[in-house]
Amino acid sequence: MTSTKPPQTRESGGSPAAALTTGTSDPRTLIMRNLRQSGIYVAFVVIVALFAILTDGVSLSPGNITNIVLQYSYILVLAIGMVILIIGGHIDLSVGSVVALTGAVSAVLVIQQGLPWWVGVVAAIAVGLAVGAWHGFWVAYIGMPAFIVTLAGMLLFRGLTLQVLDNISLSPFPAEYQKVANGFLNGLLGGQGYDAFTLIIGAVAVAGIAVSGYRTRAARIGYQQSVESFPLFVLRILLIGAVIMYFAWQLAHARGLPIVLIILAILVIVYGLVTRRTVFGRQVYAIGGNLSAAQLSGVKVKSVNFWMFVNMGFLAGVAGVIYSSRSNGAQPAAGNMFELDAIAAAFIGGAAVAGGVGTVVGAMVGGLIMAVMSNGMQLMGIDQSVQSVIKGLVLLFAVAFDIYNKRRVGANR
Amino acid sequence: MADVLLEMRDITKTFPGVKALENVSIAVRRGEIHAICGENGAGKSTLMKVLSGVYPTGSYTGEIVLDGKPVHFNGIRDSESQGIVIIHQELALVPFLSIAENIFLGNEVRGAGGLIDWNRTNAEATKLLAEVGLAENPTSPVIQLGIGKQQLVEIAKALSKEVKLLILDEPTAALNDVDSAHLLDLLRRLRDRGITCIMISHKLNEITAIADSTTVIRDGRTVETLDMSAADSTQARIIRGMVGRDIDSFYPDRESAPGEEVFRIEDWTAWHPTQDRKVVDGASLNVRAGEVVGIAGLMGAGRTELAMSVFGRSYGRDISGRIFMHGKEVRARTVAEAINNGIAYATEDRKRYGLNLIADVCRNISSAALRKLSRGGWVNGNEEIKVAEQSRRDMNIKTSTVMATVGTLSGGNQQKVVLSKWLFTDPDVLILDEPTRGIDVGAKYEIYTIINKLVAQGKAVIVISSELPELLGMCDRVYTLSAGRITGEVPVREATQENLMALMTKEKELAG
């Protein structure tokens with residue numbers, strides 16, 4: 001159908017006033033959108049509360065919270081890179097193998113060759129970058145689908161891991177290396193049964209969030225943008241502050257501030273900014289949202305795609321270091337299925353299958369939902385098989401919810 | 001006169017807000033070639049979709065009478081069972097299947113036990129290929145054939161269904177001259193065998209050469225049916241029927257005071273990305289500061305292809321030619337280079353190529369010139385919102401907030417977002433491809449006003465449009481494009497719909 005209307009004016013339909021009503025996005029869509037964005041946080045709170053009740057509070061005990069952080073940190077690191085790829089319309093199935101390979105390279109250098117611990121860290125990250133560049137080359141410049149390229153990478157790098165390790169496990173790492181994932185900043189300021197340093201860091205974080213939140217709000221008012229009412233803003237900051245301080249309090253009563261949590265926090269903050277505030281981040285969203293439009297807007301699509309994969313490789317290298325440090329060695333089967341956890345975290349966190357939608361923070365919450373569930377079910381002694389079924393269903397319903405929502409928005413148009 | 005095979009009476013078809021067809025009537029005699037002519041969007045394709053059952057009975061009003069009996073089609077299968085076969089402009093062949101498989105797709109030759117009898121399939125296919133004059137092995141995959149031969153396979157497929165009425169939608173639009181001549185020849189032979197044919201075409205020389213009668217449609221109404229054997233049934237006569245519309249005072253007034261030349265292309269040629277033909281052939285044009293230049297051309301003339309190949313080589317292959325900005329040759333081999341050189345291109349299909357519908361107004365407006373809003377790779381989000389707010393006011397974009405998703409806006413407001421996006425790149429020349437397609441009359445007027453404002457600021461504007469009155473109302477000069485070639489350049493005071501249409505339908509002078 002290619003019907004063009006004749007230019008004769010129709011009755012009243014064409015007046016600007018009529019267009020006004022159709023042009024305004026009605027409040028209902030705004031509410032729907034906000035609900036969709038906050039739905040994931042609500043779900044997280046519900047799940048945390050649910051397992052706190054089911055485990056008689058054990059899941060929120062200081063020791064267990066520390067455990068969750070240590071156990072799932074590398075998945076969260078991977079999920080950062082994964083959500084960026086998914087926003088850009090790609091995927092990476094190889095990250096589990098890359099975690100194994102980078103850990104293996106590090107282990108060979110540090111354990112077998114006796115080089116200093118930091119050489120292992122640098123080498124692992126360098127290998128990660130190289131793998132990312134390899135994937136990026138095939139996807140961006142040859143034009144292959146990421147699914148195929150990284151599926152091949154999954155096999156390829158698993159094989160290389162076996163080659164590097166000569167089919168045996170290597171262990172143990174020197175103490176410094178182990179500290180990356182198992183170390184704590186503890187007792188720096190002393191304390192009586194709790195770690196004052198951890199609490200101070202927590203307080204600084206809360207203050208930072210409050211100040212930056214206030215400044216953002218003020219700037220938006222300066223630019224005459226709509227903002228939440230002041231009491232609501234204070235309430236939100238208080239709530240976030242309470243959660244962080246509770247979290248810090250619990251950590252302080254266990255073993256202090258895990259080093260890996262600091263690494264993770266830095267990555268989340270940096271990548272949160274990269275995705276929201278940089279040209280690169282904007283271009284990732286643009287490519288995922290409408291590839292043709294991005295191309296016709298002058299986005300260098302190939303280069304952006306390439307660097308997305310290099311970035312994923314970098315984070316896989318970081319995750320490789322953390323994982324090998326935590327498991328105190330390198331095993332041929334390390335990192336098996338990590339890619340699926342990272343992908344699930346991104347999707348549960350609200351990333352859209354078609355690309356263009358998703359946030360780093362969302363992926364973190366998605367990953368934590370998986371973490372809290374796995375951990376809680378382990379505490380309850382639920383069978384592995386049942387755990388797997390439940391995790392599968394959660395992923396399924398999370399994405400179904402996303403698709404359902406999108407249809408709603410489409411229907412409102 | 002000879003007996004009538006098909007009669008469509010008083011067909012009216014309405015889409016939400018648009019009357020696509022209004023009381024269209026057409027009578028096709030048995031054994032004739034009946035051409036249907038009309039501008040882009042006149043309703044030709046809609047009429048054929050009604051006839052073939054794509055729009056089922058009940059979704060339109062009016063009557064279809066075939067062989068003296070009223071018929072009601074609820075889908076393509078219904079119409080095909082009555083011997084009506086339509087061949088669309090975009091061929092519907094499966095590229096990796098063989099010629100024979102394609103011919104009998106959905107209509108397979110079955111042998112014992114319901115299994116496909118390949119020997120008979122291929123034998124029948126060979127016979128059909130001979131009929132259409134195609135000397136190819138029926139087992140070779142369709143993808144190996146050129147577009148002209150694929151067209152013949154489509155016709156062979158139609159013949160396999162014992163076709164009574166063959167409908168061809170722009171059959172020669174994608175063909176080169178030799179293939180076109182061959183196809184027209186085939187149509188004549190089919191007519192001699194008693195197959196009736198309806199042909200939609202923009203190529204008036206072909207119509208005058210082959211058609212027995214021609215029905216002209218304009219704005220969803222039948223204008224007239226011409227008997228092509230009559231002496232006065234000339235191309236000029238058809239053109240008059242196609243364009244006979246009035247221009248009302250719908251276009252805002254503008255002082256025209258063109259300045260220095262801003263943008264010029266010379267000898268611009270581009271090839272189709274996959275087919276072996278030129279889509280733009282040696283085109284040269286220029287536009288001056290404060291001037292609106294129109295490009296007129298029918299579907300398939302290469303208007304969008306010309307614009308997109310100029311805009312950072314976004315379309316086509318083996319592109320050659322030179323681009324000058326302010327008299328100096330520039331390099332614009334990528335979109336980024338084109339933008340940096342002050343060229344902007346607003347696409348005809350804003351939903352597919354122009355906007356990120358799931359992102360907000362603000363991010364769409366900034367998307368082509370983020371560099372202007374960033375330092376060291378960091379975007380100044382507040383500045384971005386300020387720019388978006390400014391555009392919202394200047395362009396009168398109706399949205400409650402610039403944070404609203406673009407997909408929720410009306411077509412006219414989406415188009416204003418597209419314009420805002422390109423204006424923010426601060427271009428010297430704006431190429432607007434169908435800037436008012438699919439938007440309501442009020443918004444159209446606003447877009448025209450915006451264009452006038454830009455021109456008053458000294459920008460150069462190129463408008464590509466299917467609506468001749470729009471070009472006549474907006475432009476200072478109009479170039480006409482036909483089959484990838486610039487066939488004319490007319491100052492607007494000398495331009496009429498008739499002379500433009502004559503230039504738009506002018507073919508390369510052929511031998512024969």
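Me: What makes up the division of chain B into domains?
Reply: Chain B falls into domain 1 (4–243), domain 2 (260–342 + 427–506) and domain 3 (354–426). The bounds come from an automatic or database domain assignment. The C-alpha centres of domain 1 and domain 3 of chain B lie 45 Å apart.

This is a predicted model: local features need pLDDT of at least 70, side-chain atom pairs count only at pLDDT 80 or more, and totals for chains, interfaces and linings use all residues. Residues are numbered from 1 along each chain as its sequence is written, while chains are lettered from A and ligands numbered from 1 in the order in which they are written.

Me: Why is Asn167(A) called exposed?
Reply: Count the C-beta atoms, placed from the backbone, within 10 Å of a residue's own: 20 or more others make it buried, 12 or fewer exposed, and anything in between partly exposed. Asn167(A) has 9 others within 10 Å, so it is exposed.

Me: Where is Asn167(A) found?
Reply: Asn167(A) is in the loop between helix 6 and helix 7 (175–182) of chain A. Helices are DSSP runs of H or I with at least four residues, strands are E runs of at least two, and both are numbered from the N terminus.

Me: What does Asn167(A) touch, not counting residues up to four places away in sequence?
Reply: Leu162(A) and Pro332(A). Contact means C-beta atoms, placed from the backbone, within 7 Å. The C-alpha atoms of Asn167(A) and Pro332(A) are separated by 6.2 Å, though the two are 165 residues apart along the chain.

Me: What makes helix 14 (residues 338–348) of chain A mostly covered?
Reply: Of its 11 residues, 10 are buried. Among them are Phe338(A), Ala342(A) and Ala346(A). Just after helix 14 of chain A, Gly350(A) takes a positive phi of about 100°.

Me: Which residues touch the most other members of the largest nonpolar core?
Reply: Leu78(A), Ala79(A), Val83(A) and Ala346(A), in a core of 265 residues. Such a core is a set of buried Ala, Val, Leu, Ile, Met, Phe, Trp, Tyr and Cys residues joined through C-beta atoms within 7 Å. Helix 3 (residues 62–87) of chain A gives the most to this core, with 16 residues. Leu78(A) touches residues including Phe338(A) and Ala342(A).

Me: Which residues of helix 8 (residues 235–243) of chain B are buried?
Reply: Ile238(B), Ile239(B), Gly241(B), Met242(B) and Val243(B). Their cover includes strand 3 (33–37) and helix 17 (497–504) of chain B.

Terms used:
Contact = placed C-beta atoms within 7 Å.
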